[in-house]
Amino acid sequence: GSISDPFLLKGRRAGVIGLGRIGTRMAELLSGVGMEVVYTSRSSTDVRFTKVDLEELFATSDVIMPTLAVNDQSSKLITTAHLDSIRPTSVLVGIGGMQKIWDASYIIDKVGKGEIAGYAFEGEGAQALETYTGNILALPAMAWATGDSLRTLMEIWVENISAVAKGSAKNVVND
């Protein structure tokens with residue numbers, strides 16, 4: 001089959017970049033579907049998964065997922081050399097603001113040329129799917145939209161509306 005054919009995750013290697021709260025949960029879920037999980041992290045360790053350097057993670061992982069906070073340090077972490085070391089059968093998954101962590105247009109170009117099997121991302125730069133060439137899934141930034149977060153947001157809206165009706169507005173942005 002072609003490199004864009006679907007594949008089972010079980011038995012494949014997942015590379016998680018950053019092992020904070022989100023990275024740890026992603027590693028647990030990926031492990032739960034039968035993937036071997038490797039990770040790289042500046043400060044965190046987790047004996048359930050194998051710690052490797054960034055170069056090994058990019059060169060050997062079937063699924064690569066950064067889960068980093070976007071800041072000055074992380075924006076310089078992933079280079080085009082890392083992206084060039086990815087196998088043509090590997091996929092990249094960017095959640096949140098990962099377009100600031102790596103060169104998304106470079107990745108999209110490599111997917112279009114068949115040099116990377118696929119790229120899924122959300123947030124800035126997501127366009128209509130027909131604008132991409134290759135195996136790309138581009139979604140609006142919606143990772144925050146869980147059942148719990150939507151319930152919490154609804155509670156905040158109701159509290160704000162009630163407060164305004166009582167003459168004591170909360171969460172005022174402009175006076």
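Author: The model is a predicted one. Its chain exposes about 10300 Å², and carbon and sulfur atoms supply 57% of that area. Of the 175 residues in the chain, 35% are buried. The fold comprises five helices and seven strands, and the order of these elements from the N terminus is β-α-β-β-α-β-α-β-α-β-β-α. Among the contacts in the chain with a separation of 6 or more, 53% are between residues 24 or more positions apart.

Helix H4 spans residues 104–112, and its buried residues are Ala 104, Ile 107, Lys 110 and Val 111. Viewed down the axis of H4, these buried residues fall within an arc of 125 degrees, so they line one face of the helix. An α-helix has 3.6 residues a turn, so residues three or four places apart point the same way. After H4 comes Gly 114, which has a positive phi, near 80 degrees.

Lys 110 forms a salt bridge with Glu 115, with 2.9 Å between the closest N and O atoms.

The structure holds three aromatic pairs. In one of them, Trp 102 and Tyr 119 are arranged edge-to-face, with 5.9 Å from centre to centre and 70 degrees between the planes. This pair links distant parts of the chain, since Trp 102 is in the loop between S5 and H4 while Tyr 119 is in strand S6, 17 residues apart. Trp 102 and Tyr 119 are both buried. Tyr 119 also forms a stacked pair with Phe 121, at 4.8 Å centre to centre and with 20 degrees between the planes. The relative accessible area of Tyr 119 is 1%, which makes it a buried residue; Phe 121, at 4%, is buried too. Ring pairs link Trp 102, Tyr 119, Phe 121 and Tyr 132 into a cluster.

The structure holds 10 salt bridges. One of them joins Arg 13 and Glu 36, whose closest N and O atoms are 2.8 Å apart. Arg 13 belongs to strand S1 (residues 13–17) and Glu 36 to strand S2 (residues 36–40), so this pair ties together parts that are 23 residues apart in sequence. Arg 13 counts as buried at 15% relative accessibility, while Glu 36 counts as partly exposed at 38%. A further salt bridge, between Asp 148 and Arg 151, has its closest N and O atoms 2.6 Å apart. These two residues are three residues apart in helix H5, a separation of about one helical turn. Asp 148 is exposed, with a relative accessible area of 53%. Elsewhere, a network of salt bridges links Arg 25, Glu 28, Asp 46 and Arg 48.

Helix H5 (residues 147–165) also contains Met 154. Met 154 takes part in a nonpolar surface patch with Ile 156, Trp 157, Val 158 and Ile 161. Together, the residues of this patch have about 530 Å² of accessible area.

Thr 67 is located in the loop between strand S4 (63–66) and H3, and it counts as buried at 13% relative accessibility. Leaving aside neighbours within four places in sequence, Thr 67 is in contact with Val 16, Ile 17, Gly 18, Ile 22, Gly 23, Met 26 and Ile 95. Thr 67 and Met 98 are 31 residues apart in sequence, and their C-alpha atoms are 8.0 Å apart in space.

Terms used:
Residues numbered from 1 in each chain as written. Predicted model: local features only at pLDDT ≥ 70, side-chain atom pairs only at ≥ 80, totals over all residues. Heavy atoms only, no water. Buried < 20%, exposed > 50% of the residue type's maximum accessible area, 1.4 Å probe, protein only. Helix = DSSP H or I, 4+ residues; strand = E, 2+ residues; numbered from the N terminus. Arc of directions from axis to C-beta. Patch = residues over 30% accessible without salt bridge, like charges linked within 9 Å, V, L, I, M, F, W, Y side chains within 5 Å. Areas by Shrake-Rupley, 256 points an atom, 1.4 Å probe, with all protein chains shown as cover. Salt bridge = Lys/Arg side-chain N within 4 Å of Asp/Glu carboxyl O. Phe/Tyr/Trp six-rings, centres within 6.5 Å; stacked < 30°, edge-to-face > 60°. Contact = heavy atoms within 4.5 Å.
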